[in-house]
Protein chains: 4
Amino acid sequence: MIRVGIIGGTGYTGVELLRILTRHPGVDISVITSRAEAGLSVTELFPNLRGYIDLTFVEPASARLTDCDLVFSATPNGVAMTYARELIDAGVRLIDIAADFRIKDRVIWEQWYGMEHVCPELLAEAVYGLPELNRKQIREARLVANPGCYPTAIVLGLIPLLEINCVELETLIADAKSGVSGAGRGAKVSSLLAEASDNLKAYGVAGHRHGPEIEQTLENVTGREVFLTFVPHLAPMIRGIHATMYARATQAVPDLQKLYEKRYASEPFVDVMPADHHPDTRSVRGSNMCRISVHRPGDRDRLVVLSVIDNLVKGAAGQAVQNMNIMFGLDESGGLMAPPLLP
Amino acid sequence: MIRVGIIGGTGYTGVELLRILTRHPGVDISVITSRAEAGLSVTELFPNLRGYIDLTFVEPASARLTDCDLVFSATPNGVAMTYARELIDAGVRLIDIAADFRIKDRVIWEQWYGMEHVCPELLAEAVYGLPELNRKQIREARLVANPGCYPTAIVLGLIPLLEINCVELETLIADAKSGVSGAGRGAKVSSLLAEASDNLKAYGVAGHRHGPEIEQTLENVTGREVFLTFVPHLAPMIRGIHATMYARATQAVPDLQKLYEKRYASEPFVDVMPADHHPDTRSVRGSNMCRISVHRPGDRDRLVVLSVIDNLVKGAAGQAVQNMNIMFGLDESGGLMAPPLLP
Amino acid sequence: MIRVGIIGGTGYTGVELLRILTRHPGVDISVITSRAEAGLSVTELFPNLRGYIDLTFVEPASARLTDCDLVFSATPNGVAMTYARELIDAGVRLIDIAADFRIKDRVIWEQWYGMEHVCPELLAEAVYGLPELNRKQIREARLVANPGCYPTAIVLGLIPLLEINCVELETLIADAKSGVSGAGRGAKVSSLLAEASDNLKAYGVAGHRHGPEIEQTLENVTGREVFLTFVPHLAPMIRGIHATMYARATQAVPDLQKLYEKRYASEPFVDVMPADHHPDTRSVRGSNMCRISVHRPGDRDRLVVLSVIDNLVKGAAGQAVQNMNIMFGLDESGGLMAPPLLP
Amino acid sequence: MIRVGIIGGTGYTGVELLRILTRHPGVDISVITSRAEAGLSVTELFPNLRGYIDLTFVEPASARLTDCDLVFSATPNGVAMTYARELIDAGVRLIDIAADFRIKDRVIWEQWYGMEHVCPELLAEAVYGLPELNRKQIREARLVANPGCYPTAIVLGLIPLLEINCVELETLIADAKSGVSGAGRGAKVSSLLAEASDNLKAYGVAGHRHGPEIEQTLENVTGREVFLTFVPHLAPMIRGIHATMYARATQAVPDLQKLYEKRYASEPFVDVMPADHHPDTRSVRGSNMCRISVHRPGDRDRLVVLSVIDNLVKGAAGQAVQNMNIMFGLDESGGLMAPPLLP
């Protein structure tokens, strides 16, 4: 049994980690911390877990995290970097579900996240935890930077095109729509039901933190500079990201359906839909699956890729568990095999 | 392995049965029928099941249902009664998730369902499949009438009060709120998102089919006549029933919290909330749990019971699987233990 | 033109007042205050008003409220009582849309609202602003206590029964379901879309502030003591209250349909539905109408009344404008005649 | 008073026309037809209109439409063309809110709409009813083809860029998200709340009927061939379209903010948001406004335009009334000036 600790367990990533780990046969959740809710029973905050878990939030200071084999950091950005050094040095492996170690270039990170990086020496070592790209490195990693939700959906949708180098790299577009849980469990006016329901809007057109993360990852795939126009939208739903990507073919494009099916044939959590199908976000609700379809409307040179994930699972907690499974040599889908909830 | 057949698998009860049974270790789904969708792959209709199931809908006529150990009937009302006789005679056990065998009095049934009952000879034998009341009879049953969604939520909420005979039986009230999936997957104007979203309304105040079913069950509990005022409401959500029951105490009422906790202590799918808590429907989303709380506001003689279920699980497919588990001597919670999805 | 001021204009009552008043022919909005947003253009916060209004929030301290003919107080509870004295003394009439002056008994008010009442001397003078009960007193009032949203829906539903004294007063029940905007525009976790959507729950079963307000009003109607069991629920919608009332007949009940139609025949904002109809909340969305239907299921002695309002209009800002119209001798429906938005 | 007839009044366009026209001072609704609901009171179907309208649906055959000054056709596609000739010949002006007369090329129309056009001789005369482009021709038109909802949002967003010829015409992209009411009031499984809620999906990537309509209109603006990649999405909301357009600059781009503000300065129903703002669909809910913002992220050569409308108002009934106002020399905003409903 792997002894697991969770730092910052009161957000949506926290409850989702608990939901998944309670049905994982090889994991023992040793400790879960929360500054604000220390002393409270987990099921008091998350009654859906009644009968599945018997834990109480503890103060981070008093949590014996160094006894764990693995720690998931589910805190806001800027927290994991304050204790990563200590955990790694103590031999504890760390998966940061926030953004602290995703961007290799410290200057760019500090620019987008608006704070000083206090642990830059681990940036180079941190492995970007997208199994479909970095499975081998994840296996050995001491520190995994779990990808953002938008980057997961968008990068998985574009990889096959970029790997065979058949589209323009300077005109890529990703138009993404996210459910409101992507904004977290913090109390914000813009996330209120009365504000966000029966409504849809774009935000951050001028620039979003996930933009540089996506470009960095795509550049690792292609080895060349990539310009992506990325526009996120807030959609009136709880979970789900739908990313619609547009790319312009630069050369003869092969059979796209076969290209995608072959690329992801052995991936347990990427499902390529049959030709002419469109994935809907609910078809992955509560699951770690990314469902993709690829299109070439009118046989013009414009390609369209649709990619859906559950932002809290493949876009956060589920992918973190997938990474854990890889890191510890477990069945990669341990804890993650349950059909999505539909309707 | 139990060989299972599903008749009428294209509705919400059908997809929910499939979702649950694919993770049940002791079940082999042999056949699934649909008149309208015969020849279609199940995953074409329900893409959430891609990777979990490899079945095609077949014509009822050509389905070899008599090879099954158990058949779930997930058809509209009035269909199961047309083939129940044949299946039972062939030694196949049958769980009807519709209403054909729920009401013992044929005349009342015909009055509420507006058709002739073509298999009245099995009405007496059919066991009302509420495990919390009839577990022993379910074990031996050849034919189980799976309870309606409203009756499940309401009856479970009232049993402890009625069993100790401490409330008036002629003034019971159940004010119930249901998600739209309770109206099924059929195309109806009133179930459209543009009609039912951001809206709430009562319906059937003059009388609803589940009324006599509830009264019959409560009368079995008390042995006396019961009058229930039952008002169902349509709430703008996909899943969930919230039943609010009002009862008037007739005598000294014991410690209600203890009464409820004790009554359901050994029930795997009834969870009594701590005192002064209120269950929310999402806390059981996708699960077979019924969560209940009991209140006595202002210490007046009026008691209030809150009871929530997922109408498609404990209110339909999940309870059917629970009944199957009991009928075949399996672990009662087989296939049914996964934490609800929250948020 | 009536010169109107609005104190605390950044909440949902504020924006709704502005939406209504911009189409009112006899009103000039002189000033709108906000502590938090002083200096901000109103349309920056509420872009739906672009082109309809050209105002900027000002500090309450610098607002010349005493130049107004009427002030609407749309602040949280406990604020209006701090300046009511000053405004009234200056000859400004005041409509408090919060709860400060709704309850006549200061002790009860302080108990439920958890603070000291700093202006108790105006409690007796304040007129409870339900036009269907107190139109005459409203006309002359210097200070109107605008009713709560739940009380409006519930009281209007019960008045006809109580006025003819045909139901038990000690067993009244009101099961009410409210949209999330009823909790205001404040940032709260429980009002987040990801928490409140696809969910329904009761709250405050042990007691809710609107309980004593409703009982006080019903006792004014009957002249006798009334016990109401009131259970509010949070429903996953933006606007709307659906109140379902249960009452037990004590004597021969007259033709209920006629009773209700006659009682409200000349009321511009109460619509009695035809027999056997059920009102839905969306049928009053954005409007000041209260729609009611009355039922006697199975001709038993239990009566059921359904009453719907838009909590932000008839339950708050719209009723306030209706009161203003009455106070200033204007057409009572000025600014309030626009068909509800459906779908 | 203009005598107006409505053909096919039971859909969402019908009820929206009624909602708008009941507050229009210069219109008398003479007749409203429905094959399915003939004999039914309008308010029976649409209770929101109780107190605002007193009409009954009549059989089309018995409706004296030729007595009208203007007929709105709110029927499904393919119906208006069967009676357009007769009405026009009788001197009745006609606004078809469906698609029969939108596309000038009969062959393309028949290809996309899958039926023969039975009134092709009026295609050339029909005026495409987008006031912002064709106000002058609308004034004199006998037959107006009211634009589709997607085309309205997308074309209004792109006009300023195309008129000054500063973007590539072969790489335009429109990623559009629509509320479910866009699919109409017909009973369809895919529009059920339980299917469409908490879900988002693209559809028609291979081609959508509004594609050629948009390209035809944009080509009229530029005088050159335009290739648009258009991907519609279904979003879980009742009303609203959010169109996100991507264009590549071909030359020095002027101050975009000023360009848009100037182009639409005198348009009553196009509102250009301040720089760096994002419009949300709810900010136009229930109103005839189109709200637009224009962006140039990172000062690269990629331009992003956001455009929102209410699909049932500016995208259908509201624009039809705007066209009527122009055709009859009325105030162009008659019946259309009411602030959107927010929240």
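How many helices and strands does chain A have?

## Chain A as a whole

In this predicted model, chain A has ten helices and 13 strands. The radius of gyration of chain A is 20 Å, close to the 20 Å that the globule rule gives for 343 residues, so chain A is as compact as a globular protein of that length. Taken along the principal axes, the box that the C-alpha atoms of chain A fill is roughly 60 × 45 × 40 Å.

Two further values describe the inside of chain A. Of its 343 residues, 59% count as buried, and among the contacts between residues at least 6 apart in sequence, 71% join residues that are at least 24 apart.

## A sheet in chain D

Strands of a sheet pair through backbone hydrogen bonds, and the pairing is either parallel or antiparallel. In chain D, an open sheet of six strands shows parallel pairing, with the strands in the order E2-E1-E3-E4-E6-E5. The edges of this sheet are strand E2 (27–33) and strand E5 (127–128) of chain D, each of which pairs on one side only.

Strand E1 (residues 2–7) of chain D runs parallel to E2(D), and six bridges join the two. Within this pair, D:Val4 has D:Ile29 in E2(D) as its bridge partner. Helix H1 (residues 12–21) of chain D packs on the sheet, where it touches E1, E2 and strand E3 (70–73) of chain D, and the direction of this helix makes about 160 degrees with that of E1(D).

## Where chains C and D meet

The contact between chain C and chain D takes 24 residues from chain C and 24 residues from chain D. On the side of chain C that touches chain D, the largest share, three residues, comes from helix H1 (residues 12–21) of chain C.

## How chains A and D are related

Two copies of a chain are related by a rotation about an axis and a shift along it. Here, a rotation of 180 degrees with 0.0 Å of shift along its axis superposes chain D on chain A, with an RMSD of 0.0 Å, and that is the relation of a two-fold axis. The C-alpha of chain D that lies nearest the axis belongs to D:Pro236, 3.1 Å from it.

Which surface do the copies use to meet? Of the interface residues of chain D, 100% are also interface residues in chain A, so the copies meet through the same surface.

Note on methods. Residues are numbered from 1 along each chain as its sequence is written. Chains are lettered from A and ligands numbered from 1 in the order in which they are written. This is a predicted model: local features need pLDDT of at least 70, side-chain atom pairs count only at pLDDT 80 or more; totals for chains, interfaces and linings use all residues. Two strands pair if DSSP finds at least two bridges between them. Helices (H or I, at least four residues) and strands (E, at least two) are DSSP runs, numbered from the N terminus. Two residues are in contact if their C-beta atoms, placed from the backbone, lie within 7 Å. Axes are lines fitted to C-alpha atoms, for helices over the stretch in contact, and angles run from 0 to 180 degrees between N-to-C directions. Copies are superposed by least squares on the C-alpha atoms of residues with pLDDT of at least 70 in both. The radius of gyration is taken over C-alpha atoms; the globule rule is 2.2 Å times the number of residues to the power 0.38. A residue is buried if 20 or more other C-beta atoms lie within 10 Å of its own, exposed if 12 or fewer, and partly exposed in between; C-beta atoms are placed from the backbone.
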